[in-house]
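Please open the model and keep it beside this note. Each point can be checked by eye.

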Amino acid sequence: MSLPTPSETVGKLQTSLQAKAKAEPAFRFYALWDKVCRKDVLLEAYARCRTNAGAPGVDGETFEQIEAHGRERWLETLREELVSGRYTPQPLLRVWIPKSNGGQRPLGIPPIRDRVVEMATVLIIGPIFEADLLPQQYGFRPGLDAKMALRRVYWHVTQHGRRDVVDADLRDYFTSIPHSDLMRSLARRIADGRMLRIIKGWLTAPVVEYVGGRPVRSTEARRTKRGTPQGSPISPLMANCYFRRFLLAWQKHGHQDQLDAHVVNYADDFVICCRPGNAPAAMERMSALMTRLKLEVNTTKTRIARLPEESFDFLGYTVGRFHGKDGRPYIGTRPSRKSVKSLLRRIHERTSRQWYTDEPANTVARISSMVRGWCGYFNQGPVLPTYELIRAYTERRVRRWLMRRSGQTGTGFAQIPDEYLYKTLGLYAVPRRRVDLPRAKV
């Protein structure tokens, strides 16, 4: 008889915690930190962080270094710190990643040791708060994904006639969440003081950013008492817990029933699907509630879309009116222009001059991974014309890149056949027929 694996024992623990939370909605859990310190929990947390990979934090420690010196010894040392109370969160490393609108988004990268402890904490408290999250919340939850949120919007619009949609946008949601109110939301379920103190420590951890090669330390989160750093394993759960406050208020204050206005939420993205004529009132009431929650609505991006005359973008898709082969109009979805442009820009960057020294197989593998992942998500609605555009652009850029890196001129169309691209280099073949698409419809 084989011994249970860490994932199996952790799974049983999560099931029992969630069952207790569901059975007693007002129950507060008093002993949680000792479960975070369990060897099987830490081992499972490490495995998940290892799978996610990611850059090292301010200490520069990598997974390769940890495993070279002994993963078990590293985990045991970390566990001793947790049990003895000597563990304290380290500063975050701030990096900036590009946004689709041309701006930049701050990303806070914790050291691996903090990532593992945060993931262990999510393994323990995640099932508890999962029992409390509402059906309208689709982000970062087991068994749910972004396309399910999109289908729910489609269902509201097409099956129930809620065709006036408030396309809402919050200004810097993750960095605006007030700590005091968030901690009250957590304390509603958590009575373990050490657990709450550690979470507060992660929320208020200093940030180190390298400017001109020099480290600059800031304590903005502690000073403003706001924000949960994007890039931390615990951040998605914190964001969901706080957004739940808005959804509960929306229902309990009667806005959902009075206006027949239903919210669909994924992380910091949400829309409100309303009966025709009710969207202005819904937007006004939503803004008032967000102000009470100490969040700011981005008025320049928040708008009302009245289908079918208008369309709106949600989770990378455009929802609006399209026309079938017979010219008959229908409400459906397709990849948004912004999503398409984002992919083409990434392909262009990966086939630019700076990658001329890279091996062809490696570059093609990276591009194939991009395109395969993109097509796997954007497979709903009339996608074949978009797929054809992406296929043609990818082939053209890869051919040009191959020619330039070898010092030749020209497009490469005559010199580099499809067989070499797809069979020799292994370029991902973008589907050309609907029968080849995954079975995912809106």
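The points below cover a sheet, a helix, a hairpin and the cysteines.

1. Ground rules. This is a predicted model, so residues are numbered from 1 along each chain as its sequence is written, local features need pLDDT of at least 70, side-chain atom pairs count only at pLDDT 80 or more, and totals for chains, interfaces and linings use all residues. Side-chain values use heavy atoms, with hydrogens and water left out.

2. Four strands line up in the order 2-1-4-5, with mixed pairing. Strands are DSSP runs of E, at least two residues long, and helices are runs of H or I, at least four; both are numbered from the N terminus. Two strands pair if DSSP finds at least two bridges between them. Strand 2 (104-109) and strand 5 (214-218) are the edges, and each pairs on one side only. On average, neighbouring strands of this sheet are turned by 40° against each other, direction ignored. The axes are lines fitted to C-alpha atoms, and angles run from 0 to 180 degrees between N-to-C directions.

3. Strand 4 (residues 207-211) meets strand 5 in the antiparallel sense, over five bridges. Look for Val-207 opposite Ser-218 in strand 5.

4. Helix 5. This helix (residues 71-84) has 14 residues. From first C-alpha to last it reaches 20 Å, close to the 20 Å expected at 1.5 Å a residue. The expected span is 1.5 Å times one less than the number of residues. After the helix comes Gly-85, with a positive phi near 90°.

5. Which residues of helix 5 are buried? They are Trp-74, Leu-75, Leu-78, Glu-81 and Leu-82. Buried means under 20% relative accessible area, exposed over 50%, partly exposed in between (1.4 Å probe, protein chains only). They cover an arc of only 120° around the axis, which puts them on the same side of helix 5. The arc is that of the directions from the helix axis to the C-beta atoms.

6. The hairpin. Strand 6 (residues 262-266) and strand 7 (residues 269-274) pair in the antiparallel sense over five bridges. Tyr-266 has Asp-269 as its bridge partner in strand 7. Two residues lie between the strands, and Ala-267 in the turn has a positive phi of about 60°. In strand 6, five of five residues are buried.

7. Cysteines. The disulfide count is zero, a disulfide being a pair of cysteine sulfur atoms within 2.5 Å. The sulfur of Cys-241 is 19 Å from the closest cysteine sulfur, in Cys-49, so it is too far for a bond.
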